[in-house]
Amino acid sequence: MEYNYTGCRIGKADELTGRNYRVYRFYEILPGFLSWSTIIAAVICSWIFPMQAAVFIIAFDVYWLLKTIYLSMHLKANWKKIKAHMNTDWAGKLKNYSYDHIYHMIMLPFYKEDRSIIEKTLDSLLQSSYDKNKYIIVLAAEERAGAEHLETASTMENKYSNEFGHFIATVHPDGIQGELAGKGSNIAYAAEQARINILDKHRIDYRNVLVSAFDIDTIVYEQYFTCLTYMMVTSKRPYRTSFQPVPVFNNNIFEAPALSRVVAYSGTFWQMVQQERQERLASFSSHSIPFSTLYEAGYWQNNMVSEDSRIFWNCYMKYNGDYVITPMSYPVSMDANLAQGRLQTLKNIYKQQRRWSYGVENFAYIMYNFAKNKKILFREKLRIFLVNIEGYWSLATNPILIFILGWLPVLIGGREFNSSILSYNLPYITRNIMIITMSNLVLSSMIAVSLMPVFPERKKNTKFYHVIQWLLVPLTITVFGAVPALEAQTRLMLGRYMGFWVTPKHRKKKEKV
Amino acid sequence: MTRRKKQIYLIILFAVFIATIPVIVLFSSGYRLDSRLKLVKTGGIYLHINQSGAAVKINGKALDKTNLLEDNIFIQDLLPETYYAEVEKPGYRPWRKNVEVREQKVEACYPMLIPLKLDPEWIPEYNAAQNEKGEKKRSLNKEYSDAMELFKNFNKPEESILPAWTDSLTKKLRLGPDRKLKEDVFLYRRENIIFAEWKGAYDRMPYFLNPDKKTCAFSSEKKILSFGFFPERNDSILVLLENGDLFAVEIDRRFDIHNIYRIAKKCEKFATADERLYFLAEKILYRIDFSQ
């Protein structure tokens, strides 16, 4: 049976029936089932087979240490690349190529964010070095946000429309049947509006438009679009790739509390590591994609939460596996989590991490499409299956295994085990391996400081805290990494599907980026 | 990073993993290489000292010292045989024991460090005070009366603030002057011998108790007048003999040295509260504070 891409753009199992439903549900359940099985098995083994559990824990600690070293090498390599790319004269490099025909459609979806945040984003676009006449700004408002915010959209349009080549403010209608309210449905609607009202109207070739799907707090560095254009025009297969910058959450880094900073930079570091592992890279947060490709793929899916990574898998399936992400190793700035109070900030961090971890919903989509699409090689399917399942499993279980369950055999292993030399050595060995592993954080703190904006005068004496904050990592990767990931997987496993949660943007004062 | 570089790193790290795991697991399980590079199984001794500044010697060789961060000592790499373990701290009576180390096992010991000079403090019955007119007046010393109350209640089971199951255990054990319970260690006297038994879950049983039978914690030719737990410890007891000698005795009888220290002479009765020991000697009340 021929693979029907459009018919396989599934959001969740509920959209299917019969065998298809059962297959899709199976893959929704699998990641959570594996994570919970691991945790339960660790507890049971610590109780019934403490010796074997202790040996496993030691082996796992060593694996964790070596994995950290391996990932740190990637991090360092990407850090060097980012620094090199930041210092490259992209405009100079572009001179040798024809690029005048390239337009940049910049999607800026917003919900109830403050006007100042939108202005700052638009101002950063104005300050970028690329020709502003080639910018198509799509300010995508939500009807459900209310009249006040629709007015903001129209004010912005009035203020900025003459500054850019094209500017359109769209309003995504509320309550469209079959849609999940969120960024995906909003930008999919806005892109279609932009196609009709700008591209078609001005007869702009879809193949000459590069769409950058940003968040409303995404601030671009001066050369971002020049760099992106260079990568597009030099790409061997520009219509079979998306372009992924490195999101650096440092717009408000001096105002955010330490926990928020560590979680934010950990996210950045993970993306930096992934940039060096193109074979594992999927689009995340702000990303760019040729309009023609996006149009053929049917825009971002509007019936699920993680539209940013899903669009990569959509294209991957659409082109039968012939689709990759091009890592840009060039940053864009975004907001770290910050709310009015510390507790609210922590809640927001947790919710944001849970939403990101809900990217696990892609797994069922991938596997379901693999089952239907016979044109993708089995070897490739197996590789992607293993990469994904290991990724979801390790995110939800590894920190728990390392920092919590590592001590379990000593606690519940029983009298016989507790009198063994292995039992006495286990905490020492675990502690020592963890100390060595944590020494990698020196590199993290160095990179984090190097990626930060210039310290404002009033914050200069806080530099020390930006280094020692990394001691919070065991806490952040457990409480704001593993636990929300486990919750997201559990929700999917139980069929209690999540909706899109918009991270509230809050900035105390304007910072120079 | 190039693919080739990644592959090289992966191969190296994988080789390190494969090579390291057996080494760490064998090391953690007590395996060591002897002088002839032969693999031998060793054991260890764990000393629950809970005090900083205590030096540990094994067979006369100083090995380690406790500090503020690590107040317990774990000694390993010991071939299976009997070792003479000593714990010494300046100003304290030394603790010694012949510890039999077994292959891949750790013998947990609970050294009791008693100050050399205990300096019992006299607690007067009355406090002397002057009133506003300069007249000497005496008032009852509250600590004295509290201590007297303590003597009265010392043999009664402690009232539990928590639930009924401890009450039922208390009732079942018929606690009283000759039957005491602390943190699931049950002491009782039969004739002139004090026995110790574990009343909690088997897996949590401390190693100073014999898992197979009751532990004979103390016996004497002289009559035992009373006994109780040492302040803030369940591994040691206080025993008052008919000649008025009050001893601190460790319960642990696994190895041949049984550490017993005399705390007071001419003692008539004693009671403990937190880390304090009160005793009456020749009708005078004394207090020893073990927290200092």
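Predicted model: local features only at pLDDT ≥ 70, side-chain atom pairs only at ≥ 80, totals over all residues.
Residues are numbered from 1 along each chain as its sequence is written, and chains are lettered from A in the order in which they are written. Local features need pLDDT of at least 70, side-chain atom pairs count only at pLDDT 80 or more, and totals for chains, interfaces and linings use all residues, while side-chain values use heavy atoms, without hydrogens and water.

Chain A holds 19 helices and 8 strands. These are DSSP runs: H or I of at least four residues for helices, E of at least two for strands. The C-alpha atoms of chain A fill a box of roughly 80 × 65 × 45 Å along the principal axes. The radius of gyration of chain A is 24 Å, in agreement with the value near 24 Å for a compact globule of 513 residues. That radius is taken over C-alpha atoms, and the globule rule is 2.2 Å times the number of residues to the power 0.38.

Of the 513 residues of chain A, 62% are buried. Buried means under 20% relative accessible area, with a 1.4 Å probe and protein chains only. Among contacts in chain A between residues at least 6 apart in sequence, 84% join residues at least 24 apart. A contact has heavy atoms within 4.5 Å.

| Cysteine | Relative accessible area | State |
|---|---|---|
| Cys227(A) | 0% | buried |
| Cys267(B) | 5% | buried |

Over all chains, the search finds 0 disulfides. A disulfide is a pair of cysteine sulfur atoms within 2.5 Å.

Conventions
Buried < 20%, exposed > 50% of the residue type's maximum accessible area, 1.4 Å probe, protein only.
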